[in-house]
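Student: I have a structure open beside its sequence, and I would like to learn how to read it. Could you walk me through it, one feature after another?

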Amino acid sequence: MSEDTIFSKIIRKEIPANIVYEDDLCLGFRDITPQAPTHILVIPKKPIPKLAEAGTEDKELLGHMLLTVKSIAEQEGLGNGYRVVINTDEDGGQTVFHLHMHLLGGRYLRWPPG
Ligand code: 5GP
């Protein structure tokens, strides 16, 4: 059984979030500490702690999340480009252990990241 995180509480609407998208499989909401003019997190409702723990059974879910990120980017008017990031585990800088995709846009994003 995976640990309950702040994101599970957001899914259950126990704590507030600025939700921009929701369906049966995933949820999109604005990051509380935005790193770009648009910074949205897309999370699965299934509590997968990190990408390293996703399995082949999650193939459709992961594809669905990525296409959801794409449609949110369109909805947000990010026609000039954007970045999708999955921080994974300690060296990847992950702080919340419920899988999430960051959608960042609305400014030029330098490469490589820090
Ligand atoms: P990570 O560092 O794990 O890749 O990203 C976690 C993200 O979750 C961070 O960007 C952080 O700002 C965001 N975050 C943490 N707690 C909350 C919260 O309670 N609400 C929202 N909307 N975002 C949060």
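Tutor: We will go through the sheet, the salt bridges, the backbone and the ligand in turn.

Student: What should I know before I start?

Tutor: This is a predicted model, where local features need pLDDT of at least 70 and side-chain atom pairs count only at pLDDT 80 or more, while totals for chains, interfaces and linings use all residues. Residues are numbered from 1 along each chain as its sequence is written, and side-chain values use heavy atoms, with hydrogens and water left out.

Student: Then let us begin with the sheet. What is the order of the strands?

Tutor: In general, strands of a sheet pair through backbone hydrogen bonds, either parallel or antiparallel. Helices (H or I, at least four residues) and strands (E, at least two) are DSSP runs, numbered from the N terminus, and two strands pair if DSSP finds at least two bridges between them. Here five strands make an open sheet in the order β1-β2-β3-β5-β4, with antiparallel pairing. β1 and β4 (82-85) stand at the edges with a single partner strand each, so one side of each has no neighbour in the sheet.

Student: How many bridges join β2 and β3?

Tutor: Strand β2 (residues 26-30) pairs with β3 over five bridges, in the antiparallel sense. To find this pairing on screen, look for Arg-30, which stands opposite Ile-40 in β3.

Student: Which strands does α2 touch?

Tutor: Contact means heavy atoms within 4.5 Å. Axes are lines fitted to C-alpha atoms, for helices over the stretch in contact, and angles run from 0 to 180 degrees between N-to-C directions. Helix α2 packs on the sheet and touches β1, β2, β3, β4 and β5, and its direction makes about 155° with that of β3.

Student: Now the charged side chains. How many salt bridges does the structure hold?

Tutor: A salt bridge is a side-chain nitrogen of Lys or Arg within 4 Å of a carboxyl oxygen of Asp or Glu. The structure holds nine of them. In one of these, Glu-22 and Lys-45 meet through their side chains at 2.8 Å, N to O. Glu-22 is in strand β1 (residues 19-22) and Lys-45 in the loop between β3 (38-44) and α2 (59-75), so this pair ties together parts 23 residues apart in sequence.

Student: What should I look for in the backbone?

Tutor: Most residues other than glycine have a negative phi, and most peptide bonds are trans. In this model, Lys-13 has a positive phi of about 60°, and Lys-13 sits in the loop between α1 (6-11) and β1. Asp-89 has a positive phi of about 65° and lies in helix α3 (residues 89-92). A cis peptide bond, with omega about 0°, joins Trp-111 and Pro-112; Pro-112 is in the segment after β5 (101-105).

Student: Last, the ligand. Which residues are closest to the ligand?

Tutor: A residue is near a molecule or strand if one of its heavy atoms lies within 4 Å of it. By that rule 16 residues surround the ligand, and the closest are Asp-31, Asn-87, Thr-95, His-100 and His-102. An oxygen atom of the ligand is 2.5 Å from an N or O atom in the side chain of Asp-31. A ligand oxygen also lies 2.7 Å from a polar backbone atom of Thr-95, and one lies 3.0 Å from a polar backbone atom of Val-96.

Student: What does Thr-5 touch?

Tutor: Leaving out residues up to four places away in sequence, Thr-5 touches Val-96, Phe-97 and His-98. Thr-5 is in the segment before α1 and counts as buried, at 10% relative accessibility.

Methods: A polar contact is a pair of N or O atoms within 3.5 Å; within protein, one must be able to donate a hydrogen and the other to accept it, and residues adjacent in sequence count only if both atoms are side-chain atoms. Buried means under 20% relative accessible area, exposed over 50%, partly exposed in between (1.4 Å probe, protein chains only).
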